[in-house]
Amino acid sequence: MSDEHLPEPAAAEAAAPGAEVRARRTGMFGVRGSGDTSGFGGLRRDVVFPAPAERPFGGWYDAVVDTLEAAVPGGVAQVVVHRGELTLHVHREHLAAAARALRDEPDLRFEVCASVSGVHHPDETGAELHVAYHLLSMTHNRRVRVEVTCPDADPHVPSVVATYPTADWHERETWDFFGIVFDGHPALTRILMPDDWPGHPQRKDYPLGGIGVEYKGGTIPPPDQRRSYT
Amino acid sequence: MTTTQGGRPSDPYAAGAAGDTEGADAGRVFTVTGQDWDEVVSGVGEGLDAERIVVNMGPQHPSTHGVLRLVLELEGETVTEARCGIGYLHTGIEKNMEHRTWTQGVTFCTRMDYLSPFFNEATYVLGVERLLDIEHDVPEKAQVMRVLLMELNRISSHLVAIATGGMELGALTVMTIGFREREQVLDLFELITGLRMNHAFIRPGGVAQDLPDGSLAAVRDFVALMRKRLPEIAALCNANPIFRGRLEGVGYLDLEGCLALGLTGPVLRSTGYGWDLRKTQPYCGYETYDFDVQTWDTADSYGRFRIRMNEMFESLRIVEQCVARLEGLEGAPVMVADKKIAWPSQLSIGSDGQGNSLDHIRHIMGESMEALIHHFKLVTEGFRVPPGQAYVPVESPRGELGAHVVSDGGTKPHRVHFRDPSFTNLQATSVMSEGGMVADVIVAVASIDPVMGGVDR
């Protein structure tokens, strides 16, 4: 049964204002192109990430955002407060200045960059690749996440190694696994995969790999080819 | 020992194989395989005009603390440049986790830093619980059991750190004693979780299983034993002049260096700064336990050793408090009440070994259709986690261990990235060892205590 026969369902959940639908899940059991006898084929679920927060953000969040905006005008593109964690979305051209301000402004003083990690959202056209920096202020005992995006076609993000030397290996790891080029990194080479490895394994279009396992006449396909719940 | 003069070395991984003349085949290459030191010395003495020697140490070397490759540039016995090569233990755990349910992810991440499995599980599970918004619904007993297991784990991990550190110095007694005591901890783990390592015991929503009978008594006996034995290790090492001579002033890294390079854990605390996430950003109810953060002010390997020693005593204090609390929590739930998240299956010991609990089978097959549905749905499909991202770090024995958990609303993680303290701390190898002696590189790396399973993941 193809999808055209199915009625267009009303929006399942009222998305919060400002939240964008990043993707849509359909069905239940991950079956494509065969008859749907389950009745779940018409199920649709929107993937809605937390909406940008409105002022007041609460607690120390407003002061931090104000100070950063004063230091780097136009630097903060979006503020998300979710589950008590503050995420600052920063345009990549402002990242180097924002990192320096976040470290050096006395009211911010995020002196440690705990972690850099990449995320691949293939459905977000124009911002497929994300980099999340987890900054820690030991002075004020606070944490903030700085998120930068770049399109798959132009995977360049400025390096923060000049501000946070600890980001050296983290950025190499993110380059290794996502193919994000950190401009200005002193030696952006692969770190965990072999030097001559083709591709960037953590991207969603990179297969997990593996072979089917035969047992008593049946074959269990590798994990990324198994039928799974959507 | 084999030597190659110029030309192409037989080792395909030597830099010269790529064809650059400045690489490994530019000079004379010695392949050292052990017990051939005299030949190396005479060979080096013969006709080596240059003072500069590049030594490739590892990845298979008993003193590099795992499959770590150190590229050392030497002038005489002084290290002028030290570089790390990592990735030899990369297993793709983060990628694999994206293809399994949220609960199955625990089974993968427990194998990363194999000396502190409970911390890997805890940071991942805390992140998932934050995304599920059930942080405050996790039962008290589950939190106390997590703290109990993590603190026992901290003791076993620090024992290995001291044991292997001692072994790398040539102090084999320290190694045998350390591993002997660690075995006591692993026995407790086996009693409580069923496995010595790779437990997958801390699950989203609580822990997998209640405490078995007699486990609190076993933990009490263990604490009593360690109160006797830890001072023995301390007496053997603390004031030992050889130990002090090898460790003091070696691997120096001050507070500014630690912050710039992101070092946490005993290395940071050895600078005198008492940053411990259990105190500063408590999780699992650590704010309700009575313990002290251990610091030292020498910023060297000896300070880190003493901090690990002292932290084991503090962990014993916390373990005692956990045991006292667990005595009053007998029969309390260890999993959230929400049946759409709580892992349903229970295990028990039957005549043919560990398997599904017959009581649970009877319940789902004969008593409750609802329970059967929940069991089936959770085991086959798993639960869905609302979209978003979370980062809940914990204080692992090596420093800040965090999991950046990203969900897109599915039954599987969209992305999990682990901020492993070993990975970050290993960056300090160059700073700690350049300008020192070759033998001190070993001490500096041992004082960082990297676990390559965590570094490479």
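Me: What order do the 5 strands of the open sheet in chain A take?
Reply: In this predicted model, the order is β3-β4-β7-β6-β5 of chain A, and the pairing is mixed.

Me: Which strands stand at the edges?
Reply: β3 (76-82) and β5 of chain A do. Each has a single partner strand, so one side of each is left without a neighbour in the sheet.

Me: And what does the twist average from one strand to the next?
Reply: The twist comes out at an average of 20° per step from strand to strand.

Me: How about β4 and β7 of chain A, parallel or antiparallel?
Reply: Parallel: 3 bridges join β4 (residues 85-90) to β7 (residues 142-150), both in chain A. For one of the residues involved, Thr87(A), the bridge partner in β7(A) is Arg145(A).

Me: OK, helices now. What does α1 of chain A touch on the sheet?
Reply: Helix α1 (residues 61-71) of chain A packs against β3, β4 and β7 of chain A, and its direction makes about 165° with that of β3(A).

Me: And which strands does α3(A) touch?
Reply: α3(A) packs on β5 and β6 of chain A, and its direction makes about 5° with that of β5(A).

Me: Switching to the contact with chain B: how many residues does it take from each chain?
Reply: 34 residues from chain A and 39 residues from chain B. On the chain A side, β2 (44-48), β5 (112-120), β6 (129-137) and α3 (167-178) each supply at least two residues.

Me: Which element gives the most there?
Reply: β5(A), with 6 residues.

Me: And how do the residues on that side of chain A divide?
Reply: Into 20 nonpolar, 7 polar and 7 charged.

Methods
Residues numbered from 1 in each chain as written. Chains lettered and ligands numbered in written order. Predicted model: local features only at pLDDT ≥ 70, side-chain atom pairs only at ≥ 80, totals over all residues. Contact = placed C-beta atoms within 7 Å. Helix = DSSP H or I, 4+ residues; strand = E, 2+ residues; numbered from the N terminus. Nonpolar A, V, L, I, M, F, W, Y, C, P; charged D, E, K, R; others polar. Pairing = 2+ DSSP bridges. Axes fitted to C-alpha atoms, helices over the stretch in contact; angles between N-to-C directions.
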